[in-house]
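Here is a short report on one protein chain. It goes from the overall build to the sheet, then to side-chain contacts.

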Amino acid sequence: MSGNWQIARAWIMDSIATRDLAQGDKLPTEQELSRQIGVGRHSLRRAVASLAAEGVLSVEQGRGTFVRGQPRINYRIGRRTRFRENLESQGVKPGGETITADITPAEPDVAQELSLPPGTPVHRILGRSRADDHPLGLNRSFHPAERFPDLGVKRRSRMSVTDIYASYGVTDYRRRTTTIYARLPEKWEAKLLEQPADQPVIVMCKTDEDLSGQPIGWSEAIYAAGRIRFTLDFPE
């Protein structure tokens, strides 16, 4: 029946409301849930997908499905947004790793964001951020290679971008622009985020500039939508 997935969804939500399933609990197997609820596996999968898209459940490849509740990370975006400060202020341990780092000619869109001629050498860094050791997002960033010659090496040593900027004399910087939108992840993105490919991600593109207004970095961050929410801070 077409409404069976809604029956399964309501059963899971009721179990969470009555604390039969608490935050962090792993759901029983598909076979066990189908038997308990009295619906087929197709209906159960649709119900789980619906709740995962809302951030109520987290489907983690190779581990199972867990009760998540509300997104834990409230990421505040303002003129001076710092990843580490955002997480530590909420009692969450920030972390991450650099996956690849190289120097490449700037594509036209990247060159435009960094106010550089197309083809100018830029650092291209792909990293993965973590919150309490769980994958939170992926980040592709680009920085002028002439201004920050050793940026790639320093990122591989797990030095923060803020500290790297400071080592080159950029002791403060601010965000020029932020663009946010949602889409489905590519397969490799879903794998690195440890989420199903049919669950959305939130993409945040931003340009950072020094206090003279010169762009110093452009990045595209891809976040697991069920693990984060954003608050925009507007100055007076």
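The model is predicted. Its C-alpha trace spans about 65 × 35 × 30 Å along the principal axes. The chain holds 236 residues, and 44% of them count as buried.

## The sheet

Six strands form an open sheet. Their order is S4-S5-S6-S9-S8-S7, and the pairing is antiparallel. Strands S4 (94-105) and S7 (173-183) stand at the edges. Each has a single partner strand, so one side of each is left without a neighbour in the sheet. Neighbouring strands are turned by 15° against each other on average, direction ignored.

S7 pairs with strand S8 (residues 201-210) in the antiparallel sense, over 10 bridges. Within S8, Val201 stands opposite Arg183.

## Salt bridges

Side chains of opposite charge can pair when their charged atoms come close. How many salt bridges does a search of the whole structure find? The count is 16.

Arg130 counts as buried, because its relative accessibility is 18% and the cut-off for buried is under 20%.

Glu220 sits in strand S9 (residues 215-224) and Arg140 in strand S6 (residues 134-144), so that the pair links distant parts of the chain, 80 residues apart. Here Glu220 counts as buried, with 12% relative accessibility. Arg140 counts as partly exposed, with 29%.

Glu209 belongs to strand S8 and Arg176 to strand S7, 33 residues apart. Glu209 is buried, with a relative accessible area of 7%. Arg176 is partly exposed, with 38%. Elsewhere, salt bridges that share partners join Arg80, Arg82 and Asp172 into one network.

## Aromatic pairs

The structure holds eight aromatic pairs. One of them is Tyr75 with Tyr223. Their ring centres are 6.1 Å apart, with 45° between the planes. Tyr75 lies in strand S3 (residues 73-77) and Tyr223 in strand S9, so the pair ties together parts that are 148 residues apart in sequence. Both tyrosines are buried.

Another pair is Phe148 with Tyr168. This one is edge-to-face: 5.3 Å centre to centre, with 75° between the planes. Phe148 lies in the loop between S6 and helix H6 (151-156). Tyr168 lies in the loop between helix H7 (161-167) and S7. The pair therefore ties together parts that are 20 residues apart in sequence. Phe148 counts as buried, at 0% relative accessibility. Tyr168 is partly exposed, with a relative accessible area of 26%.

Which residues form one aromatic cluster? They are Tyr75, Phe83, Tyr223 and Phe230.

## A nonpolar surface patch

Ile180, Leu232 and Phe234 make a nonpolar surface patch of about 340 Å². Phe234 is placed in the segment after strand S10 (228-232). Is Phe234 buried or exposed? With 72% relative accessibility, Phe234 counts as exposed, because the cut-off for exposed is over 50%.

Key:
Residues are numbered from 1 along each chain as its sequence is written. This is a predicted model: local features need pLDDT of at least 70, side-chain atom pairs count only at pLDDT 80 or more; totals for chains, interfaces and linings use all residues. Side-chain values use heavy atoms; hydrogens and water are left out. Two strands pair if DSSP finds at least two bridges between them. Helices (H or I, at least four residues) and strands (E, at least two) are DSSP runs, numbered from the N terminus. Axes are lines fitted to C-alpha atoms, for helices over the stretch in contact, and angles run from 0 to 180 degrees between N-to-C directions. A salt bridge is a side-chain nitrogen of Lys or Arg within 4 Å of a carboxyl oxygen of Asp or Glu. Buried means under 20% relative accessible area, exposed over 50%, partly exposed in between (1.4 Å probe, protein chains only). Patches are made of residues with over 30% relative accessible area and no salt bridge: like charges are joined within 9 Å, nonpolar side chains (Val, Leu, Ile, Met, Phe, Trp, Tyr) within 5 Å. Accessible areas come from the Shrake-Rupley method with a 1.4 Å probe; for residues, only the protein chains shown count as cover. Rings of Phe, Tyr and Trp (its six-membered ring) pair if their centres lie within 6.5 Å; planes under 30 degrees apart count as stacked, over 60 as edge-to-face and the rest as tilted.
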